[in-house]
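This report describes selected elements of a single protein model. Please consult the sequence and the structure shown below alongside the text.

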Amino acid sequence: VSTQSTWGKGDWGKDSNKWTFDLKLKLGVVNNSNVPMYDQDAIFWMCWEDARQYFASLEVCRVHLNWLEARHSAWLPSRLGCGECFDLIPTVTCQVDITIVQESHITREHALGAMPTSVDIGFTILKYNGDLEAGYEVIAYCPRNITSQVSAEAFLEAGHRYVVQPLSFCLCQSVTPRKYTLVVHSSAPVTVERKRSSEQLLCQSVMLPLIKSGRRQYLTAGVTLYSPKAGQKESGLTIVAENRTSSTCCISLDASESSHLVSSRGSLIVQDTLIPRTRQILLILAPQMGAKQYSLSLSMQFDVSQENVASQFPPFELPSLHEPVPFTIQNEKLSLSNMLAATLEKEKQQSDRQTKKLHDLLNQTLSSLLTPIQSDAPPLISTVTTISNTPNVPEQTHPIPTPTEPIPKIEEQSTQPSNTMNIDPTEDPNFDEDEAIAKALALSLEEDDDDDELAQALLMSMKKNDE
């Protein structure tokens, strides 16, 4: 492992006796003439095991050759407002690498022993679906973390408009906002437009990623809580509630035993009334500025009632961030249409399978009617005698239904010439083919229990047609 501006002694240092000319040449330490390619005091080599022992973290930098770059500064959300966000408009479908770097100060951040002042920072990339009623679609999501920068990659389609909304709630109680820098690397030209953010956009940037990929907790039928999954590693906590029922749901959250956390509601104890068919951000917790660690403790109570009780304390710090939002504004139309299309397709497939079974059963029944009945078959109710004009031909008996039922066609089983007279029920003026099929299905019903429902369905259909 090659490190820069690192001094030390050990294996693979500049004075180590483990170096060979071939290895130096392979790693680019020297050229073919054994001339050093760089200052030996500026680069230090060590084995991978030592690197794991002496270094706590490793960062990988993405390098995009021949990509375009754009940098713009804007304000993070605070008590003064929701800050600023950026619209991205690609000219063609392209790939982008988006990074948000929070404001730094050379003396405040790098002074020896100075208290760190980094805040939680993350962002969401949303795609506009025409208007606010159509909602947004989540393209990428980077959870909030106490770090100097966060980044994510995404593909942007031509002809669409996207928005990059920063997420930071450490300053929701502060009147001294901070700036951040948006860095956009793209494989094709992308227009970047800065604009003021809104409570509705910030609300959707928080809710939609959790609803799409967060952890779900079902309180009761139709009432769900969403929170970040363990793998998302969010600094703090975000809780979103969803009420799909026609009843009012009262939810109480108590995080008063937590420490070094800031609440977006101004209090660690909240009580809300979730009205029917709405979603709502109940609580957002963020680590305090300068806190090296924090503890989180949360208890919850809920009750479903028919009465709509007004929301109680505390008041909203950001007026619309915690207000209930109807589903239609939260991309519900698109999700419901997709669910409906999937349900209709599934029902169509089930109907096709059932229709195929009915056709197979009907074909099998008709085939049994047209197939000659063997003489050694056990009699069901009565027998019929085959009359032949040929002398000395023994009588043959065949199983048939009762005389009141339509008599199926019986072919001659004798090997004598074809001057035999057979009984053909279709020549009977009272013969009803549908009724004959229904009776045959009834007999098939007795023999095959697996097709009971199919046979019953076909019989009911024939009765309705007769009516």
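## Basis of the model

The model is predicted: local features require pLDDT of at least 70, side-chain atom pairs count only at pLDDT 80 or more, and totals for chains, interfaces and linings use all residues. Residues are numbered from 1 along each chain as its sequence is written, and side-chain values use heavy atoms, with hydrogens and water left out.

Helices (H or I, at least four residues) and strands (E, at least two) are DSSP runs numbered from the N terminus.

## Helix H4

Helix H4 covers residues 199–213, 15 residues in total. From its first C-alpha to its last, H4 reaches 22 Å, close to the 21 Å expected at 1.5 Å a residue; the expected span is 1.5 Å times one less than the number of residues.

Eleven of the 15 residues of H4 are buried, so the helix is largely enclosed by the rest of the structure. Here buried means under 20% relative accessible area, exposed over 50%, and partly exposed in between (1.4 Å probe, protein chains only). Among the buried residues of H4 are Leu202, Val206, Leu210 and Ile211.

## Cavity and pocket

On a 1 Å grid over the protein atoms alone, a cavity is a set of points where a 1.4 Å probe fits but cannot get out; a pocket is an open set with protein on both sides within 12 Å along at least five of seven lines, and lining residues have an atom within 4 Å of a point. Grid points are joined across faces, edges and corners, and a volume is the space filled by probe spheres set on the points. A search of the whole structure finds one cavity of 30 Å³ or more. The largest cavity holds about 40 Å³ of space, and its lining consists of Tyr141, Arg144, Leu167, Phe169, Val206, Leu210, Glu234 and Thr238. Both S7 and H4 supply at least two residues of this lining.

The second largest pocket contains about 620 Å³ of space. Its lining has 22 residues, of which Val60, Arg62, Thr99, Gln149 and Ser151 lie nearest the centre. Strands S3 (68–75), S5 (94–102), S7 (136–146), S8 (149–156) and S10 (179–186) each contribute at least two lining residues.

## Strand S18 and its partners

Strand S18 (residues 278–287) is mostly covered, with ten of its ten residues buried. Two strands pair if DSSP finds at least two bridges between them. S18 pairs in the antiparallel sense with strand S14 (residues 237–243) over seven bridges, and Glu242 has Arg279 of S18 as its bridge partner.

Three bridges join S18 to strand S16 (residues 261–263), again antiparallel; in this pairing Val262 stands opposite Ala286. Strand S20 (residues 325–326) pairs with S18 in the antiparallel sense over two bridges, and Arg279 stands opposite Val325 in S20.

## The three-stranded sheet

An open sheet of three strands has the order S17-S15-S19, with antiparallel pairing. Strands S17 (269–274) and S19 (299–305) are its edges, each pairing on one side only. Strand S15 (residues 248–254) is joined to S17 by six bridges, and Asp254 has Ile269 of S17 as its bridge partner.

## Asn32

Asn32 lies in the loop between helix H1 (21–27) and strand S2 (43–45). Asn32 is exposed, with a relative accessible area of 66%. Asn32 and Asp22 are ten residues apart in sequence and 9.4 Å apart in space, C-alpha to C-alpha.
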